[in-house]
Amino acid sequence: MDPVIVVGAGPVGLSLSLALARLGVPTVVLDETTGQEETRPARTVVLRPDTAAFVARLGCADTLESAGAHWTAWRTMRRRRLRERVAFGPRTPDGAAAPATASPLHLPQHALTRALRGALAHEKLAEIVTGSRLADLEQDEHGISAHTRGPNGTWWRGSYLIGCDGPRSTVRKLLDIRFPGRTAVERHAVAALRCELPWPGEALLHRSPPRQGGGPGNEVSARPLAGHVWRLDWLLPPGRELVTPDALVARIRDSLAGWTSESPAGTADETGAEGDTALPRGRGHGRLVPPYELLDTGVHTVHHRLARDWRQGRAFLAGDAAHLLGALGTQGLDEGLRDAENLAWKLGLAWHHGASDVLLDSYQAERRGAVAARLRAADQALPLLRDGRSARWRTVLPGAARGRSTLLTDGHLGRGPLGAPPVYARTPLGPPDGHTGGLLVETPPGAPVTDVAVTASDGSVVRLRDRLGRGLLVVLVAPGTGVWDRRHWQSAGLMPRLAEAVDALSMDAEILVTEAYPGASAHTVLLVRPDGHLVTALSGVRPAEMAACANAVRGGAHGPVTGSGRDAAAPGGDAAGEEDSSAVDPVGSTVLHSEND
């Protein structure tokens, strides 16, 4: 069977290619660049625990550890007064923290991209072809062909193709898929600098009082990176104000001066570095500017857009080609990596065994619905947070300052509607009616499972997330098994019957055992999808229910099917029925621009 073609060699395309290679699916990555990643310290990414674990499983754990920074706490301040401080749980020897307090991971994007390229270079089933600009697409019921121009210009034949080629996606344009949304929702001036701040290891969101004459107040965030480096972001006022180098330096010095202790009178000025130029240590608000080294600067413009279709026949969209978001602390790359993880295991099934349209269409139903909800929440919150009218905010949530700070913190820390991992409650791959087991655990069906410690069949104790990616996980809650030798409990109690039921499933599955799971009683059996979302929780071993749920996860496919997808000339619709209108536009009743890139 032909390989899967991935267009674009950014973090999403590289992650998707790696995930497919780990599933035994050959891929060709078409990269229009030379393959040399530009070093930009101010261009960083924040990964939530689930996406960081996904990248680590792809072979990048060492880079995440060396180039990334886990924050010790998050501070929200207003008028130089602390409003909230969220402390993150200490990292345990196996690299996990308590789920409710796990720290995000912050690292330069170029370090992540290089690590993914390095991992992909060791995969025999993956090939990166640089200097390959996509020019045309043709697909039929048996596969899809891509024509490239450049030094390696030729026709490539694939079984499926995924456009991970960014906001101005050529794949999206060739498929004639609309990309409506809003332009320049927010703008931020950004800088990466090396310095010492009063809160080492702690990230900060500082909201200042409104400027003279009204309007929103200044907002600056500071997030630590490895090596005493910080990324600072300043929210810019609406419009196209030009951020000059002098204006940016003034912002840096003003912010740093406001965060440092007041120096004794008569202290002599010192020097601080800006690139290769030493600047005098100046005063701001009666405080001295601490020494700093300016490494990189830029202006980051946030757009909110959502592609109308994410699948057309054998072609798919992922990452920035499918969605743009990033206001109020939300992270677009997080969602792109979730696209890759969601689509990889489904294409793995399709490539090896064939797949129904229900399975392939579930990618759009789940991922587009999740991103649409995120965009809708951000666009509804923006007027409340940015127009400066506290009276309007109090009609929604009492306590204007507290409510605004909480909502902003949620977006940055991955909580609530702005940041929490998605729940696929309405997935077409959910368990059939009457096969849910009637058992309630703290994780609802469709939600990401809690990352508990589990014992694998070889006796090793690992984190649950470490086993994701290949097939179903069948997790048995069996308190006390940790004190018994594996040879004893594997042949006792429920284990023989559970092993027999798992062997009969229509998908590859692995049995894991855990001492406890939140809300679950002893002998609970959890079925977990390859991307870590719960299918169902059952009371005891129920072979019929387990088989029905596994079949549902495969999209109801019985044996090999064609996997050809919809007719390429008739995109749209959903295998589970017409899409909910609330998931079509990211902002609900707000009218979106219809302009395309």
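Visitor: Why is Leu174 called partly exposed?

Guide: The relative accessible area of Leu174 is 35%. Buried means under 20% relative accessible area, exposed over 50%, and partly exposed in between (1.4 Å probe, protein chains only). Leu174 is therefore partly exposed, because 35% falls in between. Please note that this is a predicted model, in which local features need pLDDT of at least 70 and side-chain atom pairs count only at pLDDT 80 or more, while totals for chains, interfaces and linings use all residues. Residues are numbered from 1 along each chain as its sequence is written, and side-chain values use heavy atoms, with hydrogens and water left out.

Visitor: Where does Leu174 lie, and which residues does it touch?

Guide: Leu174 belongs to helix α4, residues 170-174. Helices (H or I, at least four residues) and strands (E, at least two) are DSSP runs, numbered from the N terminus. Contact means heavy atoms within 4.5 Å. Leaving aside residues up to four places away in sequence, Leu174 touches Leu134, Ala135, Asp136 and Leu137. Between Leu174 and Ala135 there are 8.4 Å from C-alpha to C-alpha, although they are 39 residues apart in sequence.

Visitor: How do you know that the span of helix α6 is close to the expected one?

Guide: The expected span of a helix is 1.5 Å times one less than its number of residues. Helix α6 (residues 332-353) has 22 residues and reaches 32 Å from its first C-alpha to its last, close to the 32 Å expected. Gly354, with a positive phi near 85 degrees, follows α6.

Visitor: What makes α6 mostly covered?

Guide: In α6, 20 of the 22 residues are buried.

Visitor: Which residues touch the most other members of the largest nonpolar core?

Guide: A nonpolar core is a set of buried Ala, Val, Leu, Ile, Met, Phe, Trp, Tyr and Cys residues joined through side-chain atoms within 4.5 Å. The largest has 96 residues, and Leu47, Ile162, Leu498 and Met546 touch the most other members. Helix α6 gives the most to this core, with 10 residues. Another core, of 24 residues, lies apart from it and includes Cys195 and Trp199.

Visitor: Why is strand β13 described as largely enclosed?

Guide: Of the 15 residues of β13 (residues 181-195), 11 are buried, so the strand is largely enclosed by the rest of the structure.

Visitor: How do you know that β13 pairs with β21?

Guide: Two strands pair if DSSP finds at least two bridges between them. Because 12 bridges join β13 to β21 (residues 292-306), these strands pair, and they run antiparallel. Gly181 stands opposite Arg305 in β21.
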